[in-house]
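Please take a moment with the sequence and the model shown here, and then follow the paragraphs below through some of its parts.

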Amino acid sequence: MSAFEWNKIIASVLTAMIVAMVAGILASELVRPRPLEKPVFLPAGAEQVAAAPAEQPAGAKLAKVCVVCHTFTKGGPNKIGPNLWEITEEGIAEVPNYQFSAALQADKGTKWDPERLNQWLYSPQSFAKGTKMTFAGFPKAQDRADVIAYLDTLK
């Protein structure tokens, strides 16, 4: 084959690739699928699914990193860390049946207020040097505010 024939073949392949790429871009712009609000078809015997739960607040999403060590339910057990139900109503180091570190015992009798929680969530080690908590903290102020607002709802 001559060089001219090879050029035609390569140009044809490149043109086909460009047409396919442009068609894909146009198709993704024209068709935007939306999730269904309710099931279209429910097989016989299947239970009616409750409406989708409301979107979780940002603080609840952020607090998911805490569930490794903490529980958030009323009367929930202590894990590696104490149960955080009503923590905004509790005093520091006063969750029943939990052995706090000496670093937090020093603040016993002081209430958790938003400012103290903000300091704690920013850097637990800076708030109470020597604490058992190894969490690095939330560096963003908005994240800390969201978590504090979420903890305040646990009543």
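Is Glu89 buried, partly exposed or exposed? Glu89 counts as partly exposed because its relative accessible area is 42%, where buried means under 20%, exposed over 50% and partly exposed in between, with a 1.4 Å probe and protein chains only. This is a predicted model, in which local features need pLDDT of at least 70 and side-chain atom pairs count only at pLDDT 80 or more, while totals for chains, interfaces and linings use all residues. Residues are numbered from 1 along each chain as its sequence is written, and side-chain values use heavy atoms, with hydrogens and water left out.

Side chains of opposite charge can pair when their charged atoms come close. A search of the whole structure finds four salt bridges, a salt bridge being a side-chain nitrogen of Lys or Arg within 4 Å of a carboxyl oxygen of Asp or Glu. One of them joins Glu89 to Lys155, with the closest N and O atoms 3.1 Å apart. This pair links distant parts of the chain, since Glu89 lies in the loop between helix 2 and helix 3 and Lys155 in the segment after helix 6, 66 residues apart; helices here are DSSP runs (H or I, at least four residues), numbered from the N terminus. Lys155 is partly exposed, with 46% relative accessibility, and Lys155 forms a salt bridge with Asp152 as well, where the closest N and O atoms are 3.0 Å apart. Asp152 is partly exposed at 38%, and Glu89, Asp152 and Lys155 are thus linked in a network of salt bridges. Another salt bridge is formed by Asp113 and Arg116, with 3.0 Å between the closest N and O atoms; Asp113 has a relative accessibility of 27% and Arg116 one of 30%, and each counts as partly exposed.

Most residues other than glycine have a negative phi. In the loop between helix 2 and helix 3, however, Ala93 has a positive phi, near 60 degrees, and Asn97, in the loop between helix 2 and helix 3, has a positive phi near 60 degrees. Ala93 is buried, with a relative accessible area of 5%, whereas Asn97 is exposed at 78%. Gln99, found in the loop between helix 2 (58-62) and helix 3 (102-105), is exposed at 59%. From C-alpha to C-alpha, Gln99 and Ala27 are 60 Å apart in space, and 72 residues separate them in sequence.

Another part of the model to visit is helix 1 (residues 3-30), where Ile10 has its place. Ile10 is partly exposed, with a relative accessible area of 47%, and together with Met1, Trp6, Ile9, Val13, Leu14 and Met17 Ile10 forms a nonpolar patch on the surface, with about 740 Å² of accessible area in total. Such a patch is made of residues with over 30% relative accessible area and no salt bridge, like charges being joined within 9 Å and nonpolar side chains (Val, Leu, Ile, Met, Phe, Trp, Tyr) within 5 Å; the areas come from the Shrake-Rupley method with a 1.4 Å probe, and for residues only the protein chains shown count as cover.

Methods:
Helices (H or I, at least four residues) and strands (E, at least two) are DSSP runs, numbered from the N terminus.
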